[in-house]
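Please look at the sequence and the structure before reading on.

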Amino acid sequence: NARFLADVRQRFPGDDARVARVSLIDEGGERRVRMAHVAVVASHTVNGVSALHSDLMVQTLFADFAALWPGRFTNITNGVTPRRWLAQANPGLAALLDARIGAGWRRDLAGLSALAAQAGDAALGRDFLAVKQASKARLAAHIQRELGLAVDHTALFDVQIKRIHEYKRQLLNLLHVVARYQAIVANPGAAWQPRVVVFAGKAASAYVAAKQIIRLIHDVARVVNSDPRVGDSLKLVFLPNYGVSLAELIIPAADLSEQISTAGTEASGTGNMKFALNGACTIGTWDGANIEMAQAMGEQHMFVFGHRADEVAQLKALGYDPKLYVEQNLALRGVLDAIAGGAFSHGERDRHRGLVQSLLQHDPYLLLADFAGYVAAQAEVDRVFADRAAWAERALRNIAGMGFFSTDRTIDEYRTKVWAAPAR
């Protein structure tokens with residue numbers, strides 16, 4: 001650290017504030033090692049794993065280091081392996097792709113782009129929907145075995161599977177489920193698009209808020225799934241014991257992929273890539289690799305909503321007051337009142353009151369600010385899904401845009417940009 005800081009002082013004479021900011025030791029209060037600083041100083045290349053994250057890293061978290069070593073920072077977007085996440089997990093879709101565009105995509109995923117020219121073909125759309133339906137039937141059978149819950153496998157399968165964390169906003173998804181439930185109960189005769197909402201994921205053992213969210217999902221599911229006024233219009237499922245093998249069953253069955261982290265918080269997950277590769281349409285924020293996926297497939301083929309990263313920063317800088325969004329939105333107020341008032345708590349009236357109060361007082365991940373936009377995007381999902389040919393075309397265009405998001409491309413970029421290793 002002494003040698004490093006001597007170099008900083010030489011490069012930026014008299015800038016003691018900069019020296020304090022970049023020091024490998026945090027001298028404020030109890031002295032601590034800054035592990036991220038150690039990593040940057042000790043590495044010759046630093047990667048942000050998606051374009052937005054790489055930009056934010058240079059502009060904010062590591063701005064001082066980027067000024068020292070601008071060439072040290074790069075972007076290599078994550079990818080997924082098509083061997084596991086398409087060829088193995090979804091052999092029906094893989095066979096359909098082989099028949100339509102040849103098997104070259106198995107060795108070079110960029111070959112999926114050939115599918116775009118055929119995305120509007122009616123026969124291909126019907127074949128794709130048949131493959132998807134078979135995957136949904138398999139998942140429905142698993143849900144019946146595991147949970148004893150019968151779900152309609154012709155419904156829209158709306159899926160969020162990932163680590164349970166406040167920034168990933170499983171709670172925002174659940175607020176929409178409650179709003180949808182209340183709307184169905186208020187008007188059960190309306191032409192509701194049947195929907196099965198699936199959650200799965202694990203929380204850190206000491207993460208109290210995440211575990212409260214899991215408990216609330218189960219509580220809401222117990223009420224929704226047993227309400228005869230709702231029937232098959234809405235089912236809520238939390239699948240236990242989430243892992244890779246379960247993901248291989250869920251992902252091919254998904255119609256809608258939930259990628260709804262607060263903009264600026266998601267480095268680059270890969271679940272969004274796995275879903276799109278298997279023909280799920282994405283509802284998501286302008287965040288992480290969602291941005292590059294939207295650019296690859298066409299933003300109009302993704303259901304984008306919510307404040308963007310710069311808007312999030314501006315809103316917080318101006319003094320974000322979550323209660324204002326509740327006052328302006330009767331549906332949101334009804335959802336929060338029901339949760340806080342014990343409508344889903346089965347005799348324990350205050351079980352979830354603290355969760356709601358925390359949102360109203362703090363809401364660091366802007367769930368309440370993004371709620372209206374999210375609900376509007378979900379209404380658009382319903383509208384498009386009702387037109388089966390239009391949905392199939394959109395899903396096929398999602399697949400066609402996924403050629404870039406292969407681990408083969410990612411690793412080759414590491415080879416050239418980081419390791420400087422020769423091609424084999």
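Searching the whole structure turns up 12 aromatic pairs. Rings of Phe, Tyr and Trp (its six-membered ring) pair if their centres lie within 6.5 Å; planes under 30 degrees apart count as stacked, over 60 as edge-to-face and the rest as tilted. The model is predicted: local features need pLDDT of at least 70, side-chain atom pairs count only at pLDDT 80 or more, and totals for chains, interfaces and linings use all residues. Residues are numbered from 1 along each chain as its sequence is written, and side-chain values use heavy atoms, with hydrogens and water left out.

Two of the pairs are listed here.

| Pair | Centre distance | Plane angle | Class |
|---|---|---|---|
| Phenylalanine 65 and tryptophan 69 | 6.3 Å | 25 degrees | stacked |
| Tyrosine 320 and tyrosine 325 | 5.7 Å | 55 degrees | tilted |

Phenylalanine 65 and tryptophan 69 are both buried, where buried means under 20% relative accessible area, exposed over 50% and partly exposed in between (1.4 Å probe, protein chains only). Tyrosine 320 has 15% relative accessibility, so this residue counts as buried. Tyrosine 325, at 23% relative accessibility, counts as partly exposed.

Ring pairs also join Phe4, Phe62, Phe65, Trp69 and Phe73 into a cluster.

Charged side chains meet rings too. A charge sits over a ring if NZ of Lys or CZ of Arg is within 6 Å of the ring centre and within 35 degrees of the ring normal. Arginine 18 is placed over the face of phenylalanine 12, 4.0 Å from the ring centre. The charged end of arginine 388 lies over the ring of phenylalanine 385, at 4.1 Å from its centre.
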